[in-house]
Amino acid sequence: IWEHISEAVNELDTLVYPHKLPDHPRRLRSKYEKYVDYGFESLIHGGHGNNSASKTKLEEQEGLLNRLLSDHRNLDNTQIANLYNMVASLLEWKKISASTVANNREKTEMLTTGGRRGLTEFRNSQTMQHKRKAPECALYYWTMDGWDVELLYQKTEIDKKGYNNTSYHNRLAVVIILDVTCKYPIGYAIGSHETPGLIKQALRNAINHTAELFGTRYKPLQLQSDHYGKGALTPLYEALTDKYTPARVKNAKSKVIEPYFGRLNKEYCQFLPNWSGFGITSRKDKQPNTEMLNKYRHQFPDELGVRKQISTIIEAERSKKHKSYMEAFAKLPIEQRIELNDESYLYWFGDSSKYTNRLEASGLNVKILGEARCYDSFDKQFRMLGNLDWQIRFDTENLDRVLAVNADGSQRFILQEKYIQPMALAERKEGDALALNQVNDFNRELEESVVEFNTHNYAVVGRLMEDERLNGTLTKLMLVNSNGQHKNIKNQLKQKTAQLQARTDRKEKQETVKVWREEQDDYLNDKLDLSKYL
């Protein structure tokens, strides 16, 4: 029977059923009998675990080899073997070959990668990674980064000698704000290179785009960025979100926006004639034909043309994912929708006026984009701070409302552009009377508050002057009117107080009569309704 078994074993496909069973029937039978007597141990080679044949069995020998394997110069197997053998010849050790180094490299890969490739590579390739899923609701998680777009443009400059020099290797950078929910590019800004100013423009575009989509400016609940410009931009990041979580330095895996750039490059940029390739670390057989690029370089677009190409790509992405993103916003609970008011928006994203201005009777007169404008506020506190210098922050797309900010940012007021009233009554239109009455009512209330303020002070000082301890003092002699009289001031005070009280009583009486008339009307209406059924 062992001959038949041996034939069956030899006919087995070793790719499907890999094995090391003997070919001869007699040796196959011997292998079986040994397995019956000794079990699984009979299948283990006698030299397994035996260090007698190892050429690096001493602790010093293993330590030297591992030290060379983890050297920061990233030496190859032959170099390490040569260095090791130089020491081995002096200490009478057995010499090793490059294959021995290769075997040890595989065994200690996890232990030596950090020294040979660095801590970042060790964390990315050897440590345990987190498994994450994308959020289901819009505005839950935004991430951002800069991308040097792989699209070339030509630029002509005049050198010192007055000659035109044209270069064709130029590229633009774009900062993209990505909502991770469905990888929707919620904001972007294009520039020559990544700067804190460009990042700020991208964030402003993102905030304004939420207003375009949802009718109101909204903040994200979480924002992630790298560490570029972190010192200057952290206050802005923290003001825009409830949780600002910067990515760990050199940890590209934590930013889902990195592979997103690669997808844009492959899905859009690669089909354009001015595409420059994937990157310097990519394989050469995947790169474009540089000879053809050089031949077509005169047809490359200029900077404005590439800006249009990038904008078209981003808008195409937005259009493709618009429906799914709106559905993701609909899932966002109402209590988690955090609006960004006009004051915060203008403070963080508004352009600033070149000079400061002080409040005048006509309002705050400023010059914005070379044009004189006048702004004011119906907030009494703003007029109380007329001694401060104000800087104006504005949105060029809407100059009807601006933000006035003092030097340290502690005082902020939203100002409205002054309503222009026609001088001639014949030119009055709808809304003029309403705006006129609004100013008059405000001024009337302002005057009353000033009168009440001074009335209160007169009363307080009047009681103070009755203190006998102030008799004959210079202070008491100075607190008189121009005629040197106290009684007139006291009488005027009483008269003014009586007028204010009468005005208050008159308003209360009018309100009482109004309520009484409304009750009478309700009673008569009810009585008329009942008469139908009597």
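I count two strands as paired if DSSP finds at least two bridges between them. Strands (E, at least two residues) and helices (H or I, at least four) are DSSP runs, numbered from the N terminus.

The model is predicted: I needed pLDDT of at least 70 for local features and 80 or more for side-chain atom pairs, while totals for chains, interfaces and linings use all residues. Residues are numbered from 1 along each chain as its sequence is written, and side-chain values use heavy atoms, without hydrogens and water.

**Confidence.** I looked up pLDDT, the predictor's confidence in each residue, from 0 to 100. The chain mean is 84, and 84% of residues reach 70 or more. Residues 530–534 fall below 50, and this stretch has 0 contacts (heavy atoms within 4.5 Å) beyond near neighbours in sequence.

**Sheet.** I found 5 strands in an open sheet, ordered β5-β4-β1-β6-β7, with mixed pairing. β5 (184–191) and β7 (243–244) are the edge strands, each pairing on one side only. I then followed β4 (173–179): 7 bridges join β4 to β5, and the two run antiparallel. Ile177 stands opposite Gly187 in β5.

**Helix α6.** Thr112, Thr113 and Arg116 are buried. They share one side of α6 because they cover an arc of only 125° around the axis, taken from the directions from the helix axis to the C-beta atoms. Their cover includes α3 (59–69), α5 (98–107) and α7 (119–125). Just after α6, I noted Gly118 with a positive phi of about 105°.

How values were computed: Buried means under 20% relative accessible area, exposed over 50%, partly exposed in between (1.4 Å probe, protein chains only).
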